[in-house]
Structure formats: C-alpha cells, structure tokens
Amino acid sequence: MIVKANSENTLPYFSIDEINGIIDIKGRSISLEADEFFQPIIDYLENYLTYTENDITFNVNLEYFNTKTSRILLIIFRLLKEKTSINDCKLTVNWYYDADNEEIDLQPGEDYSDIVGTPFNYIPN
C-alpha cells in the first residue's frame, strides 16, 4: 500500500511493504483533514498486523506535523505495539530527526517512546 503526499504538501507519503514488514511515513503532515487521510491507513494496518508474522520496522521521517497528526501517530504506535506483542513479532521504530534542530525534532519521538513503552532508534538526517 502506498499513499502519496498531496500536491499542496500538507499530507505525508505513507507506504506499507507487507512482504518485508516495513512501514514508512515521511514529509509533512499539516492538513486539517488528517483524520480522513489516515483512517484508511489505520484500517489497513490493523488488518495487516492481525495476520502478519513479520517483524515490523516503522520509519518515521516527518519534517513537521500538526496536533491532529500527533494524535494519529500515537494511535498508530499503540496499534503497532499491541499487534506485534500479540503476534510475538519484533517492533523497530526508527525516528529520523533534523540534526540541526535536534532539541525540537527529537523530543516528540522521545515522548512517543515513553508513552508507548517501546524503545526508538534516533537517526539524524
């Protein structure tokens, strides 16, 4: 499944590689319609994660996201944590951040990691 960023650059690129268990999100997510954009992705993920036995790698490379997207990311992180625990799969989260803006870009990843209880890998861009 691949969902490409929109032409206004307000929604991110999102892909799910079911064969290799790799999920990518990158770009910007500042649309007020984030719920409508992400709901089919969440539904697809929920179905995929129910049946997969793959280890999962979630690569998060967002240069900016709004409050709506933040809430949706938390839903996705919790879904990944729950489903990989049930299926006894390994979950790896790679949080990419701007090395020149480390204080601001790194903090949300650290917060999500603490909330969900999953260690993240922090990778400078």
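The entries below go from the overall fold to the aromatic rings.

**Fold.** I noted before anything else that I am working with a predicted model. I then looked up the secondary structure of the protein chain and found three helices and six strands, which follow the pattern β-β-β-α-β-α-β-α-β when read along the sequence.

**Overall shape.** I checked the radius of gyration, which is 14 Å for the protein chain and therefore agrees with the value near 14 Å for a compact globule of 125 residues. The C-alpha atoms fill a box of roughly 35 × 30 × 20 Å along the principal axes. I also recorded that 67% of the contacts with a separation of 6 or more are between residues 24 or more positions apart.

**Surface and charge.** I found that 42% of the 125 residues count as buried, and that the accessible surface comes to about 6900 Å², with 48% of this belonging to carbon and sulfur atoms. For the charges I noted 9 positive and 22 negative side chains, the centres of the two sets lying 4 Å apart.

**Aromatic rings.** My search of the whole structure gave ten aromatic pairs. One of them joins Phe14 and Phe38 edge-to-face, at 6.3 Å centre to centre and with 85° between the planes. Because Phe14 lies in strand β2 (residues 13–17) and Phe38 in helix α1 (residues 34–51), this pair ties together parts that are 24 residues apart in sequence. Both Phe14 and Phe38 are buried. I finally traced the cluster linked by ring pairs, which includes these two together with Phe37, Phe58, Trp95 and Tyr122, among others.

Definitions and conventions. Residues numbered from 1 in each chain as written. Predicted model: local features only at pLDDT ≥ 70, side-chain atom pairs only at ≥ 80, totals over all residues. Heavy atoms only, no water. Helix = DSSP H or I, 4+ residues; strand = E, 2+ residues; numbered from the N terminus. Rg over C-alpha atoms; globule rule 2.2 N^0.38 Å. Buried < 20%, exposed > 50% of the residue type's maximum accessible area, 1.4 Å probe, protein only. Contact = heavy atoms within 4.5 Å. Areas by Shrake-Rupley, 256 points an atom, 1.4 Å probe, with all protein chains shown as cover. Lys, Arg positive; Asp, Glu negative; His and termini not counted. Charge placed at Lys NZ, Arg CZ, Asp CG, Glu CD. Phe/Tyr/Trp six-rings, centres within 6.5 Å; stacked < 30°, edge-to-face > 60°.
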